[in-house]
Amino acid sequence: MNKLHNDLANCIRFLSIDAVQKANSGHPGMPMGMADVATVLFRNFLRFNPENPDWLNRDRFVLSAGHGSMLLYSLLYLTGYKSISLNSIKKFRQLNSICAGHPEYHPKTGIETTTGPLGQGIANAVGFAVAEEILKKKLGKEIINHKTYVLAGDGCLMEGISHEAMSLAGHLKLKNLVMLFDNNSISIDGPTSLAVSDNFKKRFESYGWEYILIDGHNEKEIFKALKKVQRAKKPTVISCKTKIGYGSPNKSGKSSSHGSPLGLDEIKLVRKTLNWDYKPFQIPYKILNEWKKIGRKGQQLERKWTRVYKKKRQKIDKILKNNFTKVFKAEKQKAIKELKSLATRKSSELTLNALTKHNNTLVGGSADLAGSNNTKTKYHKIIRPGEFNSDYIHYGVREHAMCGIMNGLALHSKFIPYGGTFLIFSDYCKPSIRLSALMQQRVIYVMTHDSIGLGEDGPTHQPIEQLSGLRSIPNLNVFRPADRMETIECWEQALKNSKTPSVLSLTRQNLNPFRKKYSNTNKCSFGAYEVLRTNKKINLTILASGSEVNLAIEASHKLAKDKIYSKVISMPCQELFDQQSESYRKKILGESKIKISIEAASTDCWKKYISSEGLTFGIDTFGKSAPYKDIYKHFGLTATNIAKKSKKLMRN
Ligand SMILES: Cc1ncc(C[n+]2csc(CCOP(=O)(O)OP(=O)(O)O)c2C)c(N)n1
């Protein structure tokens with residue numbers, strides 16, 4: 001093998017070993033095993049420019065096997081990204097170092113996405129590849145034409161999300177998607193044969209992928225395979241037979257090199273085996289210079305691209321611009337004119353109809369529930385194999401991949417993805433929702449059939465604890481609008497929050513409108529606001545969300561007949577309310593000592609607003625299969641019961 005290649009690859013190996021050893025934690029095995037593949041990729045094929053990590057037409061490199069983060073940090077440092085210095089590598093896994101345990105997405109750093117939960121990166125990469133195809137159709141090949149490379153290990157491929165995402169990628173014939181499979185047959189518990197006997201070739205080919213098997217330590221084979229994929233007609237996996245912990249006499253090929261420092265004695269032996277006669281973290285100038293040269297190649301590529309881009313810039317900006325402000329104003333006026341009982345999922349569809357009429361950046365979709373989630377409008381065009389002049393994805397019954405793919409779509413450039421399923425199946429989406437929140441990505445989750453209000457499908461389909469769970473994810477807004485006006489306002493807010501993902505929790509059943517006057521102000525943006533009061537002076541506050549706001553209004557009127565005066569607060573978004581000023585929160589919550597809450601779900605997340613004197617009306621068991629009004633009655637969620645119990649509470 002070529003000496004220069006070996007030297008370049010060994011830089012990755014030793015930076016990784018030394019950083020893990022210094023941190024006294026981390027994963028040396030994968031970077032040691034995949035150093036050859038990564039070197040050939042970065043040296044000969046990857047189009048990137050460390051001077052401008054966010055160059056629009058760069059190839060994307062996704063490290064799905066995020067535990068091998070030192071591979072990525074080494075590459076970014078060696079090729080000259082300013083985000084990663086040798087000092088930050090020495091601070092691997094220390095507080096506030098960019099070299100965190102697992103790669104954490106930051107714009108303009110070369111870290112394209114946050115990985116660590118295995119398999120997520122594969123779905124992100126599929127999202128990148130779809131985004132590339134859509135953008136290519138919009139802007140032309142001279143502006144966008146890049147590849148997405150994803151490095152995945154045995155673990156990523158065991159995860160269910162990989163099956164979902166790769167199956168869809170094969171179906172869509174995403175030819176610019178390349179997987180580098182670190183086929184080392186080792187995971188934490190030992191050889192993968194303990195748990196897997198998949199025939200990878202058959203598996204990938206049945207998805208419609210090209211499968212190329214190579215020796216992942218043979219520079220020529222790696223080069224040849226990567227050369228071949230440049231002309232691919234479908235997604236390709238390069239299955240790289242590698243040795244985990246390559247170069248370690250006692251630990252290579254064993255799970256002992258996977259996730260702990262090799263130890264000083266063993267590192268000495270690796271240095272001897274690989275003829276690396278340098279101190280920890282020392283990269284000889286000559287070799288470092290070769291790496292920097294590789295990094296500099298991209299400058300010219302980008303310069304050439306920029307010449308074309310500049311000529312088309314105005315046109316491009318126009319193509320990628322959306323002006324939603326006008327849409328929301330018009331929709332709110334329409335809602336007032338057309339006051340009628342509507343499910344909030346239907347109200348969402350009406351809003352989307354208006355938004356997608358002149359849409360440039362929204363990419364809609366659903367996991368086989370388009371007609372139920374009301375995510376598809378008459379203006380959408382469907383994304384099909386080879387047809388990307390469109391903006392709607394039929395994800396199939398693949399909720400987890402849908403959400404991981406949406407993260408990729410959002411990260412790629414300017415796309416705003418939204419996708420639907422039933423709220424109950426947010427459980428199948430949660431790992432990716434959490435990552436949208438962590439990465440501050442504007443992904444919009446349209447979750448319909450949001451309570452026992454869905455009726456006969458019963459407890460398997462009726463969300464109970466889901467809202468509380470989602471509300472406890474940091475940097476996620478959970479909106480539960482109560483009528484058409486609120487639905488429009490929640491959509492507006494979700495689109496406005498460019499660094500926060502949103503869940504829109506929407507009903508299957510019709511709800512009566514209570515917002516009957518036009519207001520320019522987006523009341524939902526406060527998270528909670530007063531809907532009505534039955535007297536100037538009140539001594540009961542009723543908090544409710546979504547389908548239960550009407551119930552709260554009814555109960556409030558009933559109580560007024562008994563001279564118990566109350567105000568009703570609609571609380572479509574707890575997170576936004578919690579961010580309001582103290583005086584606003586006091587105005588909403590501090591007027592009466594006694595407060596009650598009504599939501600047809602777990603009561604957990606309401607307790608913080610209701611003092612021990614109050615009551616929470618909700619459901620803390622599983623639901624029931626029956627017509628929905630009967631289920632509401634079964635759980636005491638009726639105006640009569642709420643008024644009765646509240647009266648008792650007030651008289652105590
Ligand atoms: C969803 C998820 N489950 C479990 C883990 C913990 N984990 C980290 S690495 C790993 C084994 C991965 O094996 P492989 O992909 O073969 O990596 P290698 O041993 O080759 O480094 C596991 C189980 C995780 N990070 N994500």
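Please keep in mind that the model is predicted.

I begin with the ligand. The shell around it comprises 16 residues, and the closest are His67, Gly155, Asn184, Ile186 and His258. By class, six residues of the shell are nonpolar, seven are polar and three are charged. For aspartate 154, a polar backbone atom lies 3.3 Å from an oxygen atom of the ligand. At glycine 155, the distance between a backbone N or O atom and a ligand oxygen is 2.7 Å. On its own the ligand has 590 Å² of accessible area, and the protein covers 74% of that. Two elements give two or more residues to this shell, namely α6 (154–158) and β4 (186–187).

The largest nonpolar core contains 136 residues, and Phe61, Ile89, Met179, Phe204 and Leu226 have the most contacts inside it. Helix α5, residues 120–139, supplies the largest share of this core, with 11 residues. Phenylalanine 61 deserves a moment of its own. Beyond its neighbours within four places in sequence, its contacts include Leu41, Phe42, Leu71, Leu72 and Leu75, and also Glu112 and Tyr149. There is also a second, separate core, which has 68 residues, among them Val446, Ala552, Phe617 and Ala626.

Next, helix α3. Just after α3, glycine 80 adopts a positive phi of about 105°.

Finally, I would like to consider asparagine 373, which lies in helix α14, residues 370–373. Is the residue buried or exposed? Asparagine 373 has a relative accessible area of 0%, and therefore counts as buried, the cut-off being under 20%. Its side chain reaches the backbone nitrogen of threonine 421 at 3.2 Å. Leaving out residues up to four places away in sequence, asparagine 373 touches Ser366, Gly420, Thr421, Phe422, Val446 and Thr448.

Definitions and conventions:
Residues numbered from 1 in each chain as written. Predicted model: local features only at pLDDT ≥ 70, side-chain atom pairs only at ≥ 80, totals over all residues. Heavy atoms only, no water. Near = heavy atom within 4 Å. Polar contact = N/O pair within 3.5 Å; in protein donor to acceptor, adjacent residues only side chain to side chain. Areas by Shrake-Rupley, 256 points an atom, 1.4 Å probe, with all protein chains shown as cover. Helix = DSSP H or I, 4+ residues; strand = E, 2+ residues; numbered from the N terminus. Nonpolar A, V, L, I, M, F, W, Y, C, P; charged D, E, K, R; others polar. Core = buried A, V, L, I, M, F, W, Y, C linked by side-chain atoms within 4.5 Å. Buried < 20%, exposed > 50% of the residue type's maximum accessible area, 1.4 Å probe, protein only. Contact = heavy atoms within 4.5 Å.
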